[in-house]
Amino acid sequence: MHAWLTACWLCLPAYPLNPVWQDTMASSNLHVTVGLSGPNNLVGSGPELTGKYELRVVHPVVVRAAFDYRFGKVTSRTFPRGHLHSLAASMDVLYYRGTRKLTGYMGVGVMRTFHQYKLSQAAADSLLRYHQVREVGFRPTVGFRITMGLRFQRDVSLEIGVSEARPKLQFIRWLDGATYTVKAHRVRLSDARITLGYLWPLRFF
């Protein structure tokens, strides 16, 4: 993985050092991407949909706000079977170079992740019968993301991203009608993704 990411970074175009009046990125964009997220220690590969708003602060720096949705099937033998719906809100800073035909960029950012763990009926029945566990879920947490991408003809993008978050997985065990206990442990959720996207320049004036 590290060799792949290094090779992608070395292939990014670095020239020409275009001046501001020949800038290769619009001042603001609406950027929508679809792609595939790789497996991690909890879920297998799954689809991802992202909406982004990009604002060029100063050449060659772009600030990007994004909302990601990801769906994955729990494949780990350590955790109960089910599906994981994930939502991430992120803020990234991108550095770009290139031409109108081809632009390369890389960025880093922080993200806030939210998850909904939907147990299968068999897993829910087993947890309730043998462990008195009625609810399983993740707490929101903060993570980080590294992104590298190429932009073709200013409106088509290809991105590779690596993200990591360590939310707490909690099991709520009811002892009676009014008493319960919560057991939680931290889970590492790191994965890679590849996406294709399209950009719409926004003009407010």
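**View 1. Tryptophan 200 and tyrosine 198 form an edge-to-face aromatic pair.** Tryptophan 200 is partly exposed, with a relative accessible area of 42%. The model shown here is predicted. Tyrosine 198 is also partly exposed, at 36% relative accessibility. Both values count as partly exposed because that class lies between the 20% limit for buried and the 50% limit for exposed. The ring centres of tyrosine 198 and tryptophan 200 are 4.9 Å apart. A search of the whole structure finds 2 aromatic pairs.

**View 2. Tyrosine 117 and phenylalanine 138 form a stacked aromatic pair.** Here the centre-to-centre distance is 5.9 Å. The angle between the two planes is 20 degrees. Tyrosine 117 belongs to strand E5. Phenylalanine 138 belongs to strand E6, which covers residues 133–138. The pair therefore ties together parts that are 21 residues apart in sequence.

**View 3. Threonine 113 sits in strand E5.** This strand spans residues 102–119. Threonine 113 has a relative accessible area of 5%, so it counts as buried, the limit being under 20%. Which residues does threonine 113 touch, leaving aside those up to four places away in sequence? Its contacts are Leu87, Ala88, Pro140, Thr141 and Ala165.

**View 4. Strands E4 and E5 pair side by side in the antiparallel sense.** Strand E4 covers residues 82–98. How many bridges link E4 and E5? The pairing runs over 17 bridges. Serine 86 stands opposite histidine 115 of E5.

**View 5. A closed barrel of 8 strands takes in E4 and E5.** The strand order is E1-E2-E3-E4-E5-E7-E8-E11. The pairing is antiparallel. Neighbouring strands of this sheet are turned by 25 degrees against each other on average, direction ignored.

**View 6. Aspartate 23 lies in the loop between helix H1 and strand E1.** Helix H1 covers residues 2–10, and strand E1 covers residues 28–37. Aspartate 23 counts as buried, at 7% relative accessibility. What does its side chain reach? Another is the side chain of histidine 59, through a polar contact of 3.1 Å. Arginine 100 is 77 residues away from aspartate 23 along the chain. The C-alpha atoms of these two residues are separated by 8.3 Å.

**View 7. The whole protein chain has 2 helices and 11 strands.** Along the sequence, the pattern reads α-β-β-β-β-β-α-β-β-β-β-β-β. The chain has 205 residues, and 41% of them are buried. Consider the contacts with a separation of 6 or more: 66% of these join residues 24 or more positions apart. The chain exposes about 11,600 Å². Carbon and sulfur atoms supply 64% of that area.

Definitions and conventions:
Residues numbered from 1 in each chain as written. Predicted model: local features only at pLDDT ≥ 70, side-chain atom pairs only at ≥ 80, totals over all residues. Heavy atoms only, no water. Helix = DSSP H or I, 4+ residues; strand = E, 2+ residues; numbered from the N terminus. Buried < 20%, exposed > 50% of the residue type's maximum accessible area, 1.4 Å probe, protein only. Contact = heavy atoms within 4.5 Å. Pairing = 2+ DSSP bridges. Axes fitted to C-alpha atoms, helices over the stretch in contact; angles between N-to-C directions. Areas by Shrake-Rupley, 256 points an atom, 1.4 Å probe, with all protein chains shown as cover. Polar contact = N/O pair within 3.5 Å; in protein donor to acceptor, adjacent residues only side chain to side chain. Phe/Tyr/Trp six-rings, centres within 6.5 Å; stacked < 30°, edge-to-face > 60°.
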